[in-house]
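Visitor: I am new to this structure. Please take a single part of it for a close look, and then go on from there in one connected account.

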Amino acid sequence: MKVVVLGGDGFCGWPASLHLSDLGHDVVIVDNLSRRRIDEELGTSSLTPIAGVEERLAAWLETSGREIRFAQIDVAQDYDGLRDLLATERPDALVHFAEQRAAPYSMKSPAHKRYTVENNTNATHNVLCALVEAGLDTHLVHLGTMGVYGYGTAGMKIPEGYLDVEVTTEEGERVPQQLLYPTNPGSIYHMTKCLDQQLFAYYAKNDRLRITDLHQGIIWGTHTDQTLRDERLINRFDYDGDYGTVLNRFLMQAAVGYPLTVHGTGGQTRAFIHIRDMVRCVQIALENPPRLGDRVKIYNQMTETHRVRDLAELVARISGATVELVPNPRHEAPENELHVTNDTFLDLGLEPTFLSEGLLLEVEHVAERYAARADLEKIPCTSVWTQEQQPGVPTSRRPVDQAV
C-alpha cells in the first residue's frame, strides 16, 4: 500500500517508515524538521549522530534498494500544502506522528505550552480536514499516548479506549452504554492527545473517516532491524531532561558514570514498549483497518508496566551505577499503580519484546559507544509543572509531595 508518514524524520516516525518500506510499502515521509530545530533551541542533540534527512534517505536506498520520498511540509501551518500532497498521492494509509511529543518540553514556559497546543491540535485537525476535502478513504493511524488515561486506576485494568457503563432511566430501565474512558492528562502535551481523541470521534461519526488511535506507552531501546544496517540510518537517542525517555536516560547515565536520576520517590508506575514492538504495532494497525462507518479503533500499545525505582535498581544492579533521588518536576502523586489491557495487539499476533538484561546491556553499549557526545549538563530536567516549583519559591509554598 502507499503510506504517508507525517513526522517521519522523528524518534518514532523514522524507524516506522523504514519498517514499512522494508515490508514493500510505498512510503512518503512528510516532516517540517522541527525536532532538529528544537535540538538547536535546547542546545543539545541526540546521543547518536543523526544524518541529514537527504543522507538518511540515500542510505536507505543504498542499503535496501527501496526509495522513500520526502516532502518538507509544516502540517500544522501549511494546510494547502498538506491537502494538495494528499490529493496528489491519494495514500491508502496515513500515519500521524507529526506532534510535539515531550511532556517536559510542553511545560517549560507559557510559550512552550502555547506552541504544543497550537502545533499538535492544528496538525491533527488539518489532517482530518484535508482528508475530507480531498475526498479520500484513507485509513488514519495516529500515535497517541497512554497518558490520556492518567496514571492511576479505579481498581481495574484500563480498557482499550472505551468504558462500559450502565445508565438507569427514570423508569428504572438499565441501559448499557460505552463511552471514551475518562481522560486525566498529566501535562499540556498529554492534554493535546485528549483533544485529538475528541476530534477523531467527531470526524469518524460525521465524515465516516476510518481512524485508529494507538495509546502508546514509553518507548525504550534504540535499534530496529532496519536502523542497524548502516550508521547513517541510526535512530535518535535522546537523553536530555526534556526529550529523553526514562529507561533510555537511565541506561545512558549508567554508561557515562552519572547517578541515575529518580524523580521523587520513584513510585510512579509507567507502561513501556520496546521500539521494535512499536514499529510492529504500527504495521499491525495498518493491516487491520476499521470498516467504513466504524467508530475510532483504540489500541493500548504497550507490553509491560514497571515502577520507576524498580527500573533504576535493575539498571544499577547490572551496570554498577548509583541511584540518586531528585525532586520530581511533575505535579503528580508520589506513588501509583497502573494496570492496562492490551489484548487487541496480542490477539493480532504481536509477540512482545519484554525487558531483559540482555536488551538493557545492548542499549547501554550504544550509549557507551557515543558517550563522548554527551553533555552532562543537559541530563537534569529543568522544566517544572507548577509556579510553586520554580527556583526561588520558598519550600513552604510548594505542595507537600513536591517539597525539596
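**The second largest pocket, and beyond**

Guide: The second largest pocket holds about 220 Å³ of space. The model is a predicted one, in which local features need pLDDT of at least 70 and side-chain atom pairs count only at pLDDT 80 or more, while totals for chains, interfaces and linings use all residues. Residues are numbered from 1 along each chain as its sequence is written, and side-chain values use heavy atoms, with hydrogens and water left out.

A pocket is found on a 1 Å grid over the protein atoms alone: it is an open set of points with protein on both sides within 12 Å along at least five of seven lines, whereas a cavity is a set where a 1.4 Å probe fits but cannot get out. Lining residues have an atom within 4 Å of a point. Grid points are joined across faces, edges and corners, and a volume is the space filled by probe spheres set on the points.

The lining of the second largest pocket has 14 residues; Tyr151, Gly186, His331, Glu332 and Ala333 lie nearest its centre. By class, the lining has four nonpolar, seven polar and three charged residues. Here Ala, Val, Leu, Ile, Met, Phe, Trp, Tyr, Cys and Pro count as nonpolar, Asp, Glu, Lys and Arg as charged, and the others, Gly among them, as polar.

Now the strands. Helices (H or I, at least four residues) and strands (E, at least two) are DSSP runs, numbered from the N terminus, and two strands pair if DSSP finds at least two bridges between them.

Seven strands make an open sheet with parallel pairing, in the order β3-β2-β1-β4-β5-β8-β12. Its edge strands, which pair on one side only, are β3 (69–72) and β12 (297–301). From one strand to the next, the twist averages 20 degrees; axes are lines fitted to C-alpha atoms, for helices over the stretch in contact, and angles run from 0 to 180 degrees between N-to-C directions. Within this sheet, β1 (residues 2–6) runs parallel to β4 (residues 93–96), and four bridges join them. Val3 stands opposite Ala93 in β4.

Another open sheet has three strands in the order β9-β11-β13, with mixed pairing. Each of β9 (218–220) and β13 (304–307) has a single partner strand, so one side of each is left without a neighbour in the sheet. Here the twist averages 45 degrees from one strand to the next. Strand β11 (residues 269–274) and β13 run antiparallel, joined by four bridges. Arg270 in this pairing stands opposite His306 in β13.

Strand β10 (residues 260–263) is covered on both faces: Leu260 and Val262 on one side, and Thr261 and His263 on the other, are all buried. Buried means under 20% relative accessible area, exposed over 50%, and partly exposed in between (1.4 Å probe, protein chains only). Four bridges join β10 to the parallel strand β14 (residues 323–326), with Leu260 opposite Val323.

Leu33, in the loop between β2 (26–31) and α2 (34–42), has a positive phi of about 65 degrees although it is not a glycine. Leu33 counts as buried, because its relative accessibility is 15%. Arg208, in the loop between α7 (188–207) and β8 (211–216), has a phi near 60 degrees, also positive in a residue other than glycine. Arg208 counts as partly exposed because its relative accessibility is 43%.

The structure holds zero disulfides, a disulfide being a pair of cysteine sulfur atoms within 2.5 Å. Cys281 is buried, with a relative accessible area of 0%. Cys381 is in no disulfide either, and the nearest cysteine sulfur, that of Cys12, is 19 Å away.
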